[in-house]
Amino acid sequence: MKLPPDILRTGVLRIDWSGFSRILECHRKAWHLLCHRRELDGYTAALTYGSAIHAGLDTWQQHLMRGSTDRPEILTAMEAAAATVFDGIEVPESEWRTLGRAKETLGLYADARWDEDRGFRILETEKYHERPLGTINPRGLREIQVIWQGKIDGVWQDPRNGAKIIKDSKTSSKQFELHGPLGGDGRDIVRYRQSGQFQGYCFLTEGTSAIVDIITGLAPLQRVTAKSAPRNSFDRQVFEWSPEQISEWQHRTLHQIEQWLETIALDDPSLLFNTTACASFSICPYYSACEQKTEEMRLRWLSSGRFRDYTWDPSHKNEETA
């Protein structure tokens, strides 16, 4: 079956969290994305809005690195960065995640973090990293060197001890769950603490902690009451991992990549399906292909105009929501 192109050419697999997370979700989903290099075509409101917020925050960090203090100038630059993401995109009238809402959110973020963020030294913003993860020997294939990649939102430094801190921002249209319904940590806290994305970023930078900003934007309400949740909110969480945990992540990730490639090498597409992932949170973007009756029909559907070539590469000057 079809393998990732770099493996055939060089015996090297370069992979980042965006691709690896698909392996964890469903082997076939990752096969479609990383081997066939196909993704669903069309406008995605959440991705466009998230990319605009990230562009604005990249500009925010650039100004902090330069020591800028002109608030109107900084906000104007942040809004201009967000506007470039929406340039040429026709947003549906029913969609509330617009450029105007993105500008509003960036302004509120700057107000909320104006003093706090200046307490850190900003070392990097939206910078590409890569580091050898290790070597694997999948059954049925050649020896493969795995390179872990990442385009990190920011790398900050704690002025108290000089420690490196990963900085990441997440946009969400659902309220952040800090506490569970029966007590203890909420789902979102657990999800981010266990996230391989942040542990991978620590591996790339030799850091051991992350600051995660959860930027929540809820849909507008026709009628606002005293019990209505705020339409914009900002949660900041700090997570730490021991060097042993980062090492465990590295070992586990290599093993999971090796398992995925071994399944592909069996040359039986039916073994790639994880049908519990077809509608785990939302309908999988590849479902329209996977629901076809034969493998020939599925691959033909994947090659149709419903999908486009997947060109994301974290080493290039592209924008993507992390």
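Phe234 is partly exposed, with a relative accessible area of 22%; here buried means under 20% relative accessible area, exposed means over 50%, and partly exposed is in between, using a 1.4 Å probe and protein chains only. Keep in mind that this is a predicted model, so local features need pLDDT of at least 70 and side-chain atom pairs count only at pLDDT 80 or more, while totals for chains, interfaces and linings use all residues. Residues are numbered from 1 along each chain as its sequence is written, and side-chain values use heavy atoms, with hydrogens and water left out.

Let's look at the rings. Rings of Phe, Tyr and Trp (for Trp, its six-membered ring) pair if their centres lie within 6.5 Å; planes under 30 degrees apart count as stacked, over 60 as edge-to-face, and the rest as tilted. That rule gives 13 aromatic pairs. Tyr109 itself is buried, at a relative accessible area of 2%.

Now for a stacked pair: Phe176 and Tyr192 sit 6.3 Å apart, centre to centre, with 10° between their planes. Distant parts of the chain are linked here too, as Phe176 is in the loop between β5 (164-172) and α7 (187-193), while Tyr192 is in helix α7, 16 residues apart. Both Phe176 and Tyr192 are buried. Elsewhere, ring pairs join Trp17, Phe20, Trp148, Phe203 and Trp249 into a cluster.

Over the face of Trp114 you'll find Arg71, at 4.4 Å from the ring centre, and Arg118 lies over the face of Trp114 at 3.9 Å from the ring centre.

On a 1 Å grid over the protein atoms alone, a cavity is a set of points where a 1.4 Å probe fits but cannot get out; a pocket is an open set with protein on both sides within 12 Å along at least five of seven lines, and lining residues have an atom within 4 Å of a point. Grid points are joined across faces, edges and corners, and a volume is the space filled by probe spheres set on the points. There is one cavity of 30 Å³ or more, and the largest cavity holds about 80 Å³ of space. Tyr109 turns up again in its lining, along with residues including His54, Asp58, Glu126 and Lys167. Helix α4 (45-66) gives the largest share of that lining, five residues. The lining of the largest cavity splits into four nonpolar, four polar and four charged residues (Ala, Val, Leu, Ile, Met, Phe, Trp, Tyr, Cys and Pro count as nonpolar, Asp, Glu, Lys and Arg as charged, and the others, Gly among them, as polar).

The second largest pocket has a volume of about 360 Å³. It is lined by 18 residues, and the closest to its centre are Asp6, Arg14, Arg37, Gln149 and Trp312. Both α1 (5-10) and β1 (12-15) give two or more residues to this lining.

Finally, follow helix α8 (residues 196-205). Ten of its ten residues are buried, so α8 is largely enclosed by the rest of the structure. Ser195 caps the N-terminal end of α8, with a side-chain oxygen 3.1 Å from the backbone nitrogen of Gln197. After α8 comes Glu206, whose phi is positive, near 60°. Within α8 sits Gln199, which is buried at a relative accessible area of 6%. A polar atom of the Gln199 side chain lies 3.4 Å from the backbone oxygen of Ser195. Gln199 is also 9.8 Å from Glu248, C-alpha to C-alpha, although they are 49 residues apart in sequence. Glu248 is in helix α9 (residues 243-265) and is partly exposed, at 48% relative accessibility.

Key. Helices (H or I, at least four residues) and strands (E, at least two) are DSSP runs, numbered from the N terminus. A charge sits over a ring if NZ of Lys or CZ of Arg is within 6 Å of the ring centre and within 35 degrees of the ring normal. A polar contact is a pair of N or O atoms within 3.5 Å; within protein, one must be able to donate a hydrogen and the other to accept it, and residues adjacent in sequence count only if both atoms are side-chain atoms.
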